[in-house]
Amino acid sequence: MIHNFLFLSVILFCLGIVGVIARRNVFTVFMSIELMLNAANLAFVAFSRIHESMDGHVLAMMVMAVAAAEAALALAVVILLHKHKGKLDTNVFSLLKG
Amino acid sequence: MGQSVNYLGLIPLFPLVGAVVIGLLHVFTCNKRRLPEKFYGLLACVGPALSFILALKVFIALKALPPESRFLSHKVFTWFSVGDLHIDMGFLADPLSCLMLLFVTFIGSLIHIYSIGYMGGDKNYGKFFAYMNLFLGSMLVLVLGDGPVVMFVGWEGVGLCSYLLISFYSEDRSNVLAGNKAFIVNRIGDLGFVLGMAFLFWAVGAQGFDYLSLKANVHQLTPGVALAVCLLLFVGATGKSAQIPLYVWLPDAMAGPTPVSALIHAATMVTAGVYMVARFSFIYAHVELAGTIVAWVGILTALLAAIFGMFQDDIKKILAYSTVSQLGYMFAGVGVAAYSAGIFHVFTHAFFKALLFLGAGSVIYALHHEQNIWKMGGLKAKMPKTYMTMVIGALALAGCPPFSGFFSKDEILYSALATGHIGIWLVGVLVAGMTAYYTFRMIFVVFHGEPRDHHAFEHAKESPSVMVVPLIILAVGAVFAGFLNFPGIMTISHWLEPSLTEAHHGSVILQVIAILASIAAFAVGIKIAYSKFGQGCPEPEFKGFAAFAYHKFYVDELYHAVIVRPYKAIGAAIWQVVEPNITDAPVQGASRLYILLGSAFKVFQVGYVRVYAIYMIVGLSIMSLFLSQSLN
Amino acid sequence: MLADGLFYIFAVLAVLGAGGLVVFRHPMNGAMSFVVTLISLAGLYALLSAKLIFALQLIVYAGAIMSLIVFIIMFLNIQTEDLPKEETKVVYILGSLVAVLPIGMLLFKIVRSLPDKTLAIMGGNFGGVKEVGLLLFKDWLVPFEIVSILLLVSLIGAVVLAGKRGTIK
C-alpha cells in the first residue's frame, strides 16, 4: 500500500528530469526542478510514515526552506538574464562553447 | 713482495692541486685586478718541483730494495667494484715507472720555468699554467697507475690537456681546428685502447685487473686473444704517439705555444704509447707477430716522417716531423722486443727534443714570432747561447757519438739486427742519415749564412736567462744521458729488468757492424746538408717529388676526402632525412594525435548547459541499466 | 476504501499537473498546472498523517513560492514572440522519456524490494505541530540554525543580484 506513494514519487521525479532536459524555457526548467524537489519531499514523508518516526517531516521542512531560498535566487538570476539578452531561451547563453 | 707506502699518491696530487688553485685564481681575477705574472709563475713551479723531490725519494727507496721485489705500491681508495671488476685508484712505482717519473718531473719543471719567460705578456698567463699543471698531473697518473684503467684515466687527461693547450691562442680559428683534430684523432686511437682493455679483462681480468695480477695470469691467454689485445692496444698507441695512420695531428699541434710543443708533443705525452707497450711487455713478449707488426709500423712511420721533415719550412714543423720519426724508432725498438732500448731512447729523446723545441722557441721569441726558416739566417752571431745549445741538441738527435742520441739509437738498431730483422735495420740506417740531413739543414739555414730578413735580424737578441738556463741544463743532459746505458755496462737496462720481460743478446760482431753503420749514416747526412746549406742558400722551389713531399704526400687531403667528407655527409643525411622522419615523426605524431583527439572531443563542448545536463542524465541511465541488471 | 480512492484521485491529478508543466509552452500555463500538482501533493501528505507538512506545503509552496514565480512571470511581461520557438519539443520529450526510463526502472525495482505496510491514520498526534517542533528544536537544532543562515544568505543575494546596477546591454 505504501509502495504506491513511493511509485508516485518516482514518476514525479522522472517527469521532473524530463522537464529539465527537454525544454528550453527558463521558467519551465526552474519549475521542473521544484517538481523534483517535491517528489523527494513525498518520498521523505512516506518513509517517515513507514518507520513511524518524524525525522522525515523535519527533513521535508528543511527541503522546503532550501527550495524557497533557491527560488528567490534563481528568479533574481532569471531577471538579470532577461535584462541582459531580452530572451528567455537557455540556448542563447552559450559562452561556454569550445 | 714490494712495499706499501703512502706518499706515491702525492706525486700526481701536487700538480693537480696547483692546477685547481691557479685555475680558480685566474677565473676570479682575470677580469678585475690581474695578479702579477711572477705570482702565477712561482705558484706553477711549486707543484712540479715538489713532485720531482718526491720522485727522487721514490728512486732512493727503490734502490734500497732487492731487485726481485723492487716496487712500491700505494692504494689510495677503491674506485669501484662491480661483479668481477674491482678497480682501485692505486699507484705502482717500479723501476720502469720510476725512470719515467724522474725525467717527466725534471723536464716538466724546467719547461715550467722556461714558460715563465716565454709566456710573458700574454693575457691568459694564469690559464696557461693551470693547464700545464693539469697536464703534468695527468701524465703522472698515467705513469704511476697500477693498472690499465688508472693509466687510461691519465691517458684521457693528457689528451684533454693537449687539446686545451693546442687551442690556447683561441682567437685564431685555425688553432682551435688544430686542437679539435688532435683530440678527435686521439679519440679514434682511444677506442682501440678501450677495446683492448675490455678484451683483456674478458680473458683474464677476473682475478684482478692491475699489472701485477695480469703479469701473473698472462699464461692463461690464448695466442689469438693475446694478439688481438696487443694490436688493439697498439691502435691506441698510434693515436697517442702519432704513428701511421694517426700521426696527422702532431704537425698541426704546433699551433700551440712552444713550451707546450716541447713538453707535450716531444718529451712526455707522445711517449705514453711507448711506455704502454713496455708496460705490457709481458703480453707482447708472448706474441712475436704483434711485436713485428709494431716494429714495422714504427720504422715505416720513421721513414715517412723523415721524408716530410726534409722539405718543411716552418722550424716547428721540422721538429714535429722529427718527433714522429723518432717515435717510430722507439716503436721499432719495443717491437723487436728490445723494450729497454726503446725506453732508453724515450729518455734521451726527451732531453734533446725538449732542448731543440725550447731553443726554437727562443729563436721565435727573439724574432717576434717568426717561424719560417727562410726568413731567418745568420743568428749565430746574435744568439750564441741558443746556438750552442741547439747545436748540441742537433748532434744528439742526429746520432753523433758520444752524445746521447747515438747510444740510444744505436741500441735500437743493434737489437733489430740481432733479432734478425734486417729490413728494419736497413730502413733504420737510412732514416738515421735522413735525420742528420734535415736536422743540420735546419741549423745551417737558421744560424749560418747571411740574414734573409734584415729588419727582424736587427731586433734579435739573446733571450732572458730564465729561458736560457733551462736550455743549458737540458744540453748537459743531452750530452751525458747516453752514458747511462753504455754498451756492455748497460746500467739502465739492468735497472729496468724487473719491470720488463726481455731477452738479452750478446754478439760483438753485430754490435760493431751496427755502430759503424750508424756513424757512416750520420756522416753522410751531415755532409750533404753542409754542401747544400752550409754557405747560405736561397729559398728553394720544389718540383716533382720534392713538391709532393712538401705537401706531405697530400695525406691530410686524402683523409679529408675519404673519411671526413663522407662522415659529414652521413651526418647531414641523418640530420635531413632520418631525423625528421624517424625520430621526430613519432614525437610530433604523438602530439598531433592528441590535438586530433582534442578536436574530436571538442564536439561535445557545445556550450549549452542543457546539453550538459543531458549528458549527465544519459550517463546516469546507462549506470542504472547496469545496476538493475545486478539487482535481479 | 476511501483512503485508496482519495489516493488515486490525488495521484492522477499530480501526474496530470506535472505533465502539463512539462508540455505547456507559456510558462504561466505551466505554473498553473504546477499549482494543481502542489495541492494534490498536500492532500497526499494528509493521507500520510503529516499534518504540519500538509499545512506548510499549502502555505509555503503553493502559497508563497508559486506566487513569487507567478509574480515574476507576470513582471517580465512575456509575449508569445519572446518565448523560445521549440518546434522539436515533442521529439525531445519522447527522447528524454526513453533516456529516463532506465532510471525509473531501477528506482521501481528498489521500491518493490521494500516491505509493504498498510496505511492507517496514526494516532498520538503523529506529525502534529508539537511533535515536529520538539524534534526540530531538540535533535535537529543545528541544521535548523544553519538553514536560517542559508535563508539570510539568499535574502542578501537576491537583493544584491536584482538591485540597481547599470543595465548591461
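User: Before we start, what is a polar contact?
Analyst: A polar contact is a pair of N or O atoms within 3.5 Å. Within protein, one atom must be able to donate a hydrogen and the other to accept it. Residues adjacent in sequence count only if both atoms are side-chain atoms.

User: OK. How many residue pairs are in polar contact between chain C and chain A?
Analyst: Seven residue pairs, with both residues at pLDDT 80 or more. The pLDDT matters here since this is a predicted model.

User: And how many salt bridges between those two, chain C and chain A?
Analyst: The count between chain C and chain A is zero.

User: How much area do chain C and chain A bury?
Analyst: About 7,200 Å² between them, and carbon and sulfur atoms account for 79% of it. The contact involves 87 residues of chain C and 68 residues of chain A.

User: Which residues of chain C lose the most area to chain A?
Analyst: Leu48(C), Tyr61(C) and Lys117(C), but together they give 9% of what the chain C side buries.

User: Which helices are involved on the chain C side?
Analyst: Six elements of chain C give two or more residues to the side that touches chain A: α1 (2-23), α2 (27-47), α3 (51-75), α4 (89-112), α5 (129-138) and α6 (141-162). The most comes from α3(C), with 13 residues.

User: What classes of residue are on that side of chain C?
Analyst: The side of chain C that touches chain A has 62 nonpolar, 13 polar and twelve charged residues.

User: How many residues does each of chain B and chain A put in?
Analyst: Chain B gives ten residues to the contact and chain A gives 13.

User: What about polar contacts and salt bridges there?
Analyst: Two residue pairs are in polar contact across the interface of chain B and chain A, both at pLDDT 80 or more. Salt bridges across that interface number zero. On the chain B side, α25(B) gives the most, with five residues. The residues on that side are six nonpolar, two polar and two charged.

User: How many salt bridges are there over all chains?
Analyst: The whole structure has eight. One of them pairs Arg24(A) with Asp89(A), with the closest N and O atoms 3.0 Å apart.

User: What does the pair of Arg24(A) and Asp89(A) tie together?
Analyst: Arg24(A) is in the loop between α1 (2-22) and α2 of chain A, while Asp89(A) is in the segment after α3 of chain A, so the pair ties together parts that are 65 residues apart in sequence.

User: Last topic, the backbone. Where are the cis peptide bonds you found?
Analyst: One joins Ile244(B) and Pro245(B), with omega about 0°. Pro245(B) is in the loop between α8 (223-240) and α9 (249-252) of chain B. Another runs from Pro401(B) to Pro402(B), with omega near 0°. Pro402(B) is in the loop between α16 (384-398) and α17 (404-418) of chain B.

User: Why point those out?
Analyst: Because most peptide bonds are trans. Most residues other than glycine also have a negative phi. Tyr554(B), which is not a glycine, has a positive phi of about 55°. Tyr554(B) lies in the loop between α23 (545-550) and α24 of chain B.

Conventions. Residues are numbered from 1 along each chain as its sequence is written. Chains are lettered from A and ligands numbered from 1 in the order in which they are written. This is a predicted model: local features need pLDDT of at least 70, side-chain atom pairs count only at pLDDT 80 or more; totals for chains, interfaces and linings use all residues. Side-chain values use heavy atoms; hydrogens and water are left out. Contact means heavy atoms within 4.5 Å. A salt bridge is a side-chain nitrogen of Lys or Arg within 4 Å of a carboxyl oxygen of Asp or Glu. Helices (H or I, at least four residues) and strands (E, at least two) are DSSP runs, numbered from the N terminus. Ala, Val, Leu, Ile, Met, Phe, Trp, Tyr, Cys and Pro count as nonpolar, Asp, Glu, Lys and Arg as charged, and the others, Gly among them, as polar. Buried area is the accessible area (1.4 Å probe) that two parts lose on being put together, summed over both.
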